[in-house]
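Colleague: I would like to learn how to read the features of a model like this one. Could you take me through them one at a time?

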Amino acid sequence: MRKTGQFSYTGEGWGLTHNAQQLIMSDGTPVLRFLDPASMKVERKITVTFQGQPVPNVNELEWVNGEIYANVWMTDQIARIDPKTGIVRSIIDLTGLAERAGAQGRDAVLNGIAYDAKGQRLFVTGKNWPKLFQIKLRGC
């Protein structure tokens, strides 16, 4: 591996994904930033909301079939977000998955999302989880 460049930004970087044109970054707040990948300048922002209320702790991100999937830190939930409006279309409830993973400790929470477009499946894991789960989603 070799370093190809660097950039700086204000705030924290919690999650990063991309669509065909931009990088999309979370920072633990309800706000997602859309960045130009060449200049790393913020082109636009959206606020993630559910039932009209801002969603705090937006964390790990993944681009899935034209939507942003985001883990909500310290919960068992993944939000399906409209990338134009920030409105949460639905919640994927993964309650009980940490226990099935054998995760232990307060910080052993859901924290990893990866999408396999060819297989139409989601992979999820968490901090200090000894297992990775494959999920097939219906109606998404």
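**Reading the model, feature by feature**

Modeller: Let us start with a charge and a ring: the charged end of Arg44 sits over the ring of Phe34, 3.8 Å from its centre. The rule for "over" is that NZ of Lys or CZ of Arg is within 6 Å of the ring centre and within 35 degrees of the ring normal. A word on the ground rules: this is a predicted model, where local features need pLDDT of at least 70, side-chain atom pairs count only at pLDDT 80 or more, and totals for chains, interfaces and linings use all residues. Residues are numbered from 1 along each chain as its sequence is written, and side-chain values use heavy atoms, with hydrogens and water left out.

Colleague: Which strands make up the open sheet of four strands, and in what order?

Modeller: First the terms: helices (H or I, at least four residues) and strands (E, at least two) are DSSP runs numbered from the N terminus, and two strands pair if DSSP finds at least two bridges between them. Here the order is E1-E2-E3-E4, with antiparallel pairing. E1 and strand E4 (42–47) are the edge strands, each pairing on one side only. Neighbouring strands of this sheet are turned by 25° against each other on average, direction ignored; the axes are lines fitted to C-alpha atoms, for helices over the stretch in contact, and angles run from 0 to 180 degrees between N-to-C directions.

Colleague: How many bridges hold E1 and E2 together?

Modeller: Strand E1 (residues 15–18) pairs with E2 over four bridges, in the antiparallel sense.

Colleague: Are the side chains of E2 buried or exposed?

Modeller: Buried means under 20% relative accessible area, exposed over 50%, and partly exposed in between (1.4 Å probe, protein chains only). In strand E2 (residues 23–26), Leu23 and Met25 point one way, Ile24 and Ser26 the other way, and all are buried.

Colleague: What does Glu12 contact, leaving aside its neighbours within four places in sequence?

Modeller: Contact means heavy atoms within 4.5 Å. On that basis, and with those neighbours left aside, Glu12 is in contact with Ser26, Asp27 and Arg33. Glu12 lies in the segment before E1 and counts as partly exposed, at 49% relative accessibility. The C-alpha atoms of Glu12 and Asp27 are separated by 4.9 Å, although the two are 15 residues apart along the chain.

Colleague: How many aromatic pairs are there?

Modeller: A pair of aromatic rings is described by the distance of the centres and the angle of the planes. Rings of Phe, Tyr and Trp (its six-membered ring) pair if their centres lie within 6.5 Å; planes under 30 degrees apart count as stacked, over 60 as edge-to-face and the rest as tilted. By this rule the count comes to three. Phe7 and Tyr9 form a tilted pair, 5.7 Å centre to centre with 35° between the planes. Trp129 and Phe133 form an edge-to-face pair, at 6.2 Å and 90°. Phe7 is partly exposed, with a relative accessible area of 41%, whereas Trp129 and Phe133 are both buried.

Colleague: Which residues touch the most other members of the largest nonpolar core?

Modeller: A nonpolar core is a set of buried Ala, Val, Leu, Ile, Met, Phe, Trp, Tyr and Cys residues joined through side-chain atoms within 4.5 Å. The largest has 18 residues, and Ile78, Leu94, Leu122, Val124 and Trp129 touch the most other members. Helix H1 (97–101), E11, E12 and E13 each supply at least two residues of this core. Apart from it lies another core, of 14 residues, among them Val48 and Val88.

Colleague: How are E11, E12 and E13 arranged?

Modeller: They form an open sheet in the order E11-E12-E13, with antiparallel pairing. Three bridges join strand E12 (residues 121–126) to E13, and Phe123 stands opposite Gln134 in E13.
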